[in-house]
Amino acid sequence: MIQTFRVRKLFATDLHEYRAHLLRLDSHTRYSRFGSFVRDAFIESYVESSFRDDALVFGYVEDGLVRGAAEFRPYRGEHGQHAEVAFSVEDDWRRRGIGSSLFEKLIITARNRQTARLVMHCLPENRAMQNLARHFQARIRLAPDERTGIIVNLNPTAMSLAQEATDDWRAFASAAMGIHRRVWGPQWQLVLDAEPRPRLSPP
């Protein structure tokens with residue numbers, strides 16, 4: 001059986017898989033993701049808002065299952081367009097560079113929307129997420145109960161615009177084929193990332 005996986009934008013048609021990913025998170029990972037211990041009922045309700053308005057979700061999809069995800073939620077701040085981001089990766093899929101790949105998608109998304117401030121909140125003990133934010137040159141602001149990573153003044157480039165357009169096409173094709181496989185059976189396989197592309201430099 002061919003295994004397929006990639007990081008791509010998720011659509012409303014992926015809502016079931018995204019919900020299943022969040023429900024698979026253990027209690028500690030849920031606490032790190034949401035900042036508190038949450039029950040299944042909260043996740044069921046929360047997911048319904050993840051594909052509304054201008055919110056975007058990116059997922060690490062392996063064999064049709066979402067194993068890691070990042071959300072981009074824009075809002076209007078005092079000095080222009082801001083966005084808050086959040087991450088989740090299932091325990092057995094950590095330390096594979098998935099978080100970094102998801103973060104890169106968010107940087108491209110933020111650039112192309114001229115985001116003045118990209119904000120990420122995490123718990124003080126979540127050193128992995130803080131190190132990931134620092135890798136992308138985020139300033140870490142300290143508070144007694146959380147750490148806040150902030151990346152400022154992200155502007156689009158020709159490369160970021162082209163990469164998002166290409167990624168959107170690939171994501172749409174992958175999502176469409178995923179629906180086809182669910183309807184017609186597992187014999188439908190798709191491999192889109194035959195050639196690895198160079199990573200964008202941190203902003």
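Biologist: How much space lies in the largest cavity?
Modeller: Rolling a probe the size of a water molecule over the atoms shows where empty space is left. On a 1 Å grid over the protein atoms alone, a cavity is a set of points where a 1.4 Å probe fits but cannot get out. Points are joined across faces, edges and corners, and the volume is the space filled by probe spheres set on them. For the largest cavity, that space comes to about 70 Å³.

Biologist: Before we go on, what sort of model is this, and what pLDDT do side-chain atom pairs need to count?
Modeller: Residues are numbered from 1 along each chain as its sequence is written, and side-chain values use heavy atoms, with hydrogens and water left out. This is a predicted model: totals for chains, interfaces and linings use all residues, local features need pLDDT of at least 70, and side-chain atom pairs count only at pLDDT 80 or more.

Biologist: Which element gives the most to the lining of that largest cavity?
Modeller: Lining residues have an atom within 4 Å of a cavity or pocket point, and here they include Lys9, Phe58, Lys105, Glu164 and Asp168. Helices (H or I, at least four residues) and strands (E, at least two) are DSSP runs, numbered from the N terminus. Two helices, α4 and α6 (158-184), each give two or more residues to this lining. The top contributor, with four residues, is α6.

Biologist: And how many charged residues are in that lining?
Modeller: Asp, Glu, Lys and Arg count as charged; Ala, Val, Leu, Ile, Met, Phe, Trp, Tyr, Cys and Pro as nonpolar; and the others, Gly among them, as polar. The largest cavity is lined by three nonpolar residues and one polar one. The charged count is five.

Biologist: Now the second largest cavity: how many nonpolar residues line it?
Modeller: This one has a volume of about 30 Å³. Val85, Phe103, Leu118 and Met120 are among its lining residues, and β7 (146-152) gives the most, with three. The lining has no charged residues and one polar one, while its nonpolar count is eight.

Biologist: What about the largest pocket: which element has the largest share of its lining?
Modeller: A pocket is an open set of points with protein on both sides within 12 Å along at least five of seven lines. The largest one holds about 600 Å³ of space. Of its 26 lining residues, Val89, Arg94, Asn126, Ala128 and Met129 are the closest to the centre. The largest share, five residues, comes from β4.

Biologist: Is Arg67 buried or exposed?
Modeller: Arg67 lies in strand β3 (residues 65-77). Beyond its neighbours within four places in sequence, Arg67 contacts (heavy atoms within 4.5 Å) residues including His21, Tyr60, Glu62, Glu90 and Trp93. With a relative accessible area of 14%, Arg67 is buried.

Biologist: Last one: where is Gln137, the residue with a positive phi?
Modeller: Gln137 is not a glycine, yet its phi is about 60 degrees. At 53% relative accessibility, Gln137 counts as exposed. Its place is in the loop between α5 and β6.

Technical notes: Buried means under 20% relative accessible area, exposed over 50%, partly exposed in between (1.4 Å probe, protein chains only).
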